[in-house]
Amino acid sequence: MVGFRMATRLPALRAVLPLVLSALLVHAAPARAAGKDAMEDRLLACAACHGAQGAGTNSDYFPRLAGKPAGYLFNQLVAFRDGRRKYAPMNYLLEFQPDEYLHKMAEYYAAQRPPLPPHPPTDASQDVLARGQSLVTSGDPATGVPACASCHGATFTGMELGIPGLVGLRANYISAQLGAFRYGTRTAIAPDCMQEVAGRLTEADVAAVAAYLSSLPIPADPSPAKKDAYPTPLVCGSEPQAGGH
C-alpha cells in the first residue's frame, strides 16, 4: 500500500516540486544579500520538504536530516546527484552540484539540533512492536539478520562517519526505505550492507521494525557516536573514509 500510494503521488510531485524549489532558491537570494547565513538561506529550498534546519515535518515520506553524520548525508546527496537514488525533485536539484558544495550541505545539516516535530502515537499491536523490538535490539540469528543496534547504536543515533541515526523517522518512511533496499531501487556503495540485511526480512518483519523504531523517543543528546566508538558486524561500502567517500 505504501508503494502504491507513493506511485500515485510521484508524478504530481515530480511535475510540481522542481518548480516550487527553484522558486524558493530564487527568493533566497535577497536574504543572502541582507547578510544572513549563506548556507541556511541557500537551503531554504530543502526546508519545503525536510523542515527548517532539516528538523523534519509532518510528512511521512520526507526524513529528518538534522544531526545525521555528515559522511552519511554526503553519500546520499551524491547518490541522488548520480542517479543511484531515484527521486526526480532531488535528482533535478542536485544534478550539477559539485562534491565541495555537497560536503558543505552535509556538514550544515549534521551540525543542526532542532527539536523533533511531534509524532502521532503508533497504532501497531503489542505483538508487532515486540517483534520489532526483538529484531532491532537482538536481530534474528536464524535468518542472519543482525540487530539494527549493532550498527546504528544502542540509542539509534548512528555513528560517524556514515551510519545514520534511525530515531525521529516515521514508520512509513522506514518501511519504504527497507522495501527499496529489498527490491534494489535504493542501493549503496558495494558491499551494500543494507540491501543484504533488508533482503533477509519478510514483509511482516519490515512492518515490525518500522513500527518499533518510529515509536522510540529521541534521546536528550541525538548526536551520532564518534567513529569507531563500537565494532560493527558488517563491512559496508557506504562507510566513508576520513577525507573522502
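This is a predicted model: local features need pLDDT of at least 70, side-chain atom pairs count only at pLDDT 80 or more; totals for chains, interfaces and linings use all residues.

Colleague: OK, phenylalanine 181: buried or exposed?

Modeller: Phenylalanine 181 counts as buried, because its relative accessibility is 7%. Its place is in helix α9, where helices (H or I, at least four residues) and strands (E, at least two) are DSSP runs numbered from the N terminus.

Colleague: What does phenylalanine 181 touch?

Modeller: Leaving out residues up to four places away in sequence, phenylalanine 181 touches Arg186, Asp192, Met194, Gln195 and Ala198. A contact here is heavy atoms within 4.5 Å. Also, phenylalanine 181 and cysteine 193 are 9.5 Å apart, C-alpha to C-alpha, and twelve residues apart in sequence.

Colleague: On to the cysteines, then. How many disulfides does the structure hold?

Modeller: One. Cysteine 193 and cysteine 236 form a disulfide, with their sulfur atoms 2.0 Å apart; the cut-off for a disulfide is a pair of cysteine sulfur atoms within 2.5 Å. The link of cysteine 193 and cysteine 236 is left-handed, with -115 degrees about the S-S bond.

Colleague: Which parts does the pair tie together?

Modeller: Cysteine 193 lies in helix α10 (residues 193-198) and cysteine 236 in the segment after α11 (203-215), so the pair ties together parts that are 43 residues apart in sequence.

Colleague: How far is the sulfur of cysteine 148 from the closest cysteine sulfur?

Modeller: It's 8.7 Å, to cysteine 151, so too far for a bond.

Colleague: Back to α9. How does α9 pack with α11?

Modeller: The axes of α9 (residues 171-183) and α11 are 8 Å apart, at an angle of about 145 degrees. Axes are lines fitted to C-alpha atoms, for helices over the stretch in contact, and angles run from 0 to 180 degrees between N-to-C directions. From α9, the residues that meet α11 include Ile174 and Leu178, and from α11 they include Val206 and Leu213.

Colleague: Switching to α4. How many of its residues are buried?

Modeller: Eleven of the 13 residues in α4 are buried. Among them are Leu73, Phe74 and Phe80. What covers the buried residues of α4 includes α5 (88-94) and α6 (99-110). Just after α4, glycine 83 has a positive phi of about 85 degrees.

Colleague: Which peptide bonds are cis?

Modeller: The bond from glutamate 160 to leucine 161 is cis, with omega near 10 degrees, and leucine 161 lies in the loop between α8 (148-152) and α9. The bond from alanine 190 to proline 191 is cis too, with omega near -5 degrees, and proline 191 is in the loop between α9 and α10.

Definitions and conventions: Residues are numbered from 1 along each chain as its sequence is written. Side-chain values use heavy atoms; hydrogens and water are left out. Buried means under 20% relative accessible area, exposed over 50%, partly exposed in between (1.4 Å probe, protein chains only).
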